[in-house]
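Open the model in your viewer and keep the sequence panel beside it. This tour goes from stop to stop: what to select, then what is there.

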Amino acid sequence: MSALRPGVAELDLPLFAANTGSRLAAWLAACIAITLLLTAASLLIGTSSLETSLGWLLNPDAQSSVILWQIRLPRTVGAWFAGALLGLAGAIAQGVFRNPLAEPYLLGSASGAALGVTLSLLAADASLGGLAWAGKLGVTGAACIGACAAIALTIMLSRGVLATASLLLAGIVVAFLLSAVTSLLLLSKPDVWRAMQAFLLGNTGFLSWSSVGLLGVVFIVCLLPAVLLSRGLDALSLGEDTAQSLGLSLPVLRLTLLGVLSLATATTVGQVGIVGFVGLVAPHLVRETVSVNHRQLLIGAPLCGGALLQAADLVSRWIIHPAELPVGAVTATVGGVYLVVLLWRRNRHE
Amino acid sequence: MTILDARANAIRAAALRAAALLALAWATAAQANVVRDDLGRDVRFDHPPLRVIALLPSITETVCALDACDRLVATDRYSNWPPQVKALPKAGGLDDAEIELIVSLKPDLVLLSRSQRITDRLGDLGIKTFALNSDRYSDIAHNIRVIGEILGLDERARGLSESIAADVQSIAAGAHRAHSGRAPSVYFEVDTAPYAAGPASFIGELLTRLGAHNIVSSDLGAFPKLNPEYVVQHNPDVIFVSGTEAGHLAARPGWATIRAVREQRFCSFSAEVDDTIVRPGPRVADGMRALADCLERVSP
């Protein structure tokens, strides 16, 4: 995996700072411009033709304004926030674990969310007495609680957050274990397979203004402590001993950042299901384009992740409209291809 | 009785036995039945099978509707009708059939759906399989005829098919009368992704027969994953949705403006009734009646 550059901090070197700063500014501006462009495009792309959508924009009636302002706009804004949270969570994961392949779901949150959703679907389907609570939660609540429970289980298994290797291992174990339970449950009730599949492949279709509100608040709540602790991540990238010798309290740093990571991932999973690759690719895209320290990365990765998921959402609803592709399938395809190209280019350079 | 007489008797008896054997062989040959299955294979039946395993609920139901339930020695785990099949051994699901159990039951025929991987495996083990499609309305009559032919119950099959067709026709005619000219537009949600049942699906075919207008166009396929705004845009009169989900529809962005949601025009069915709606089998008239009753009750 040496082909991928780890999250190396470029500690403030005045010689390069100005150059990097302007490149970064240009890059961030480009991200914002793309986001604005995609947001505008999202008003025109849906189940109707471009001309019809344009007509709706110019002469809205009751129904078309519902579609434009209650469905399309919150969907695309919500997709941005979800992508931003994934980008942020990915950048944090790669920094905390000092591993360029770390991604938001590595503590078992995705499998936990899937199990939660399965329980809720089974309960809704069969009105099982003992599971009635899971049915009432709905998919969103069940996913969020499942994700949190899985992360808690991972941290318990690794006896805290200090040992990177055992945390990663515990995450893998928990993910496998919970997936196995999910599969066994699904076997007993094949009717919920399709709904489950829809969740596993991500779904931006039902994002409303209230989801946008929730995602927005969580984004700010996650971004602030992450940026405040970015210096710690820079120090951590030089090694745990160095970080400690610089006077950092590793337990506090890691616990806070993993808390942020968990909150961001669980909220996103609850709202849009499991969307792969955005959290992994967004930080890489930032580092590929500009050399950054962690503060810049923690701002750049969300901007990039947001635009990525927005674009994937547009593709998913446009390519076979009025039907749509699962958004996670789009991100996985694009993200997978990107990583292959990245690996190939690196191998050639070395 | 002389020795000669005895010999003549013996010869006569032997000749008679030979003639009887020949006649039996001829009769068997005349009965040997070659039937083409939905994989395009010609399957030969020297005598009607007496130990049958059905690996699809609609096929189990068809066998039983032909009064041949007593020939079943096992079913798949989802077959639950008629009630007596619940007591039979369960040989797994559609794609994870229990080969060992099937072999140990020594069936002389396994009826299964076309997509099943186990057809080859069972064939290798010397077990006769017969594959049937069971996704469309037209598969019902076809499967009744073919299974009747294999089981030697042609007459019964013909009667069953005719009575189902008559029931379906009368329910459809009643439904058309009920909404006299103004076809209600309907959206059938298979699950919350949202996947819809299009006109090309079995459920969609039933709705079309009832004169309902499906908001999903047929070019989208049997069960398309819709962009939710499609449903808002097409504003259906009636929504078929699970009972638990019906209460949540108004919370989906923009859906509170849909007529069916505004006026609470929902159709939800119990799991038992659902089985008759989603299985292309001999209980299709029951399923259609459930759909028609609800449409009549809630249509504007």
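## First stop: a core leucine

Select A:L88. Leaving out neighbours within four places in sequence, A:L88 is in contact with A:C222, A:L223, A:A226, A:A264, A:L298, A:A301 and A:P302. Keep in mind that this is a predicted model.

Now widen the selection to the largest nonpolar core, which has 185 residues. The members that touch the most others are A:L85, A:L88, A:I92 and B:L111. Note the chain letters: three of these four names carry A, and B:L111 carries B.

## Chain A as a whole

Select chain A and switch to cartoon. You will find 14 helices and 0 strands. Read along the sequence, the pattern is α-α-α-α-α-α-α-α-α-α-α-α-α-α.

Show the C-alpha trace next. Along its principal axes it spans about 60 × 50 × 40 Å. How does the radius of gyration of chain A stand against that of a compact globule? For 350 residues, a compact globule would have a value near 20 Å; chain A has 21 Å, so the two agree.

Colour by burial. In chain A, 51% of the 350 residues count as buried. Then draw the contacts with a separation of 6 or more. In chain A, 79% of them join residues 24 or more positions apart.

## Where to be careful

Colour chain A by pLDDT. The average is 86, and 91% of the residues score at least 70. Now select residues 1-16 of chain A. Here pLDDT stays under 50. The model has 26 contacts beyond four places in sequence for this stretch. Where pLDDT is low, the predicted coordinates should not be read in detail.

## Two loops in chain A

Go to A:R98. Its place is in the loop between α3 and α4 (109-126) of chain A. Look at the backbone: A:R98 has a positive phi of about 50°, although it is not a glycine. Is A:R98 buried, exposed or partly exposed? It has 17 other C-beta atoms within 10 Å, so A:R98 is partly exposed.

Move on to A:P322, in the loop between α13 (294-318) and α14 (327-349) of chain A. Select A:H321 with it. A cis peptide bond joins A:H321 and A:P322, with omega at about 5°.

## Across to chain B

Select the contact between the two chains. Chain A supplies 27 residues and chain B supplies 22. On the side of chain A, show α3 (62-96), α5 (132-157) and α7 (193-200); each supplies at least two residues. α3(A) gives the most, with 7 residues. Colour this side by class: 12 residues are nonpolar, 11 polar and 4 charged.

## Chain B: helices and strands

Of its 300 residues, 44% count as buried. Draw the contacts with a separation of 6 or more again. In chain B, residues 24 or more positions apart account for 54% of them.

Zoom in on β1 (residues 33-36) and β2 (residues 42-45) of chain B. These strands run antiparallel and are joined by 4 bridges. Pick out the pairs: B:V35 has B:V43 as its bridge partner, and B:V34 stands opposite B:R44. Together β1(B) and β2(B) form a hairpin, with 5 residues between them. Select B:G40 in the turn: it has a positive phi of about 80°.

## Last stops

Select B:A193 and B:P194. The peptide bond from B:A193 to B:P194 is cis, with omega near 0°. B:P194 sits in the loop between β7 (185-191) and β8 (195-196) of chain B.

Finish at B:N235, in the loop between α8 (228-234) and β10 (238-240) of chain B. Its phi is near 45°, a positive value in a residue other than glycine. How many C-beta neighbours does B:N235 have inside 10 Å? There are 16, so B:N235 counts as partly exposed.

How values were computed:
Residues are numbered from 1 along each chain as its sequence is written. Chains are lettered from A and ligands numbered from 1 in the order in which they are written. This is a predicted model: local features need pLDDT of at least 70, side-chain atom pairs count only at pLDDT 80 or more; totals for chains, interfaces and linings use all residues. Two residues are in contact if their C-beta atoms, placed from the backbone, lie within 7 Å. Ala, Val, Leu, Ile, Met, Phe, Trp, Tyr, Cys and Pro count as nonpolar, Asp, Glu, Lys and Arg as charged, and the others, Gly among them, as polar. The radius of gyration is taken over C-alpha atoms; the globule rule is 2.2 Å times the number of residues to the power 0.38. A residue is buried if 20 or more other C-beta atoms lie within 10 Å of its own, exposed if 12 or fewer, and partly exposed in between; C-beta atoms are placed from the backbone. A nonpolar core is a set of buried Ala, Val, Leu, Ile, Met, Phe, Trp, Tyr and Cys residues joined through C-beta atoms within 7 Å. pLDDT is the predictor's confidence in each residue, from 0 to 100. Two strands pair if DSSP finds at least two bridges between them.
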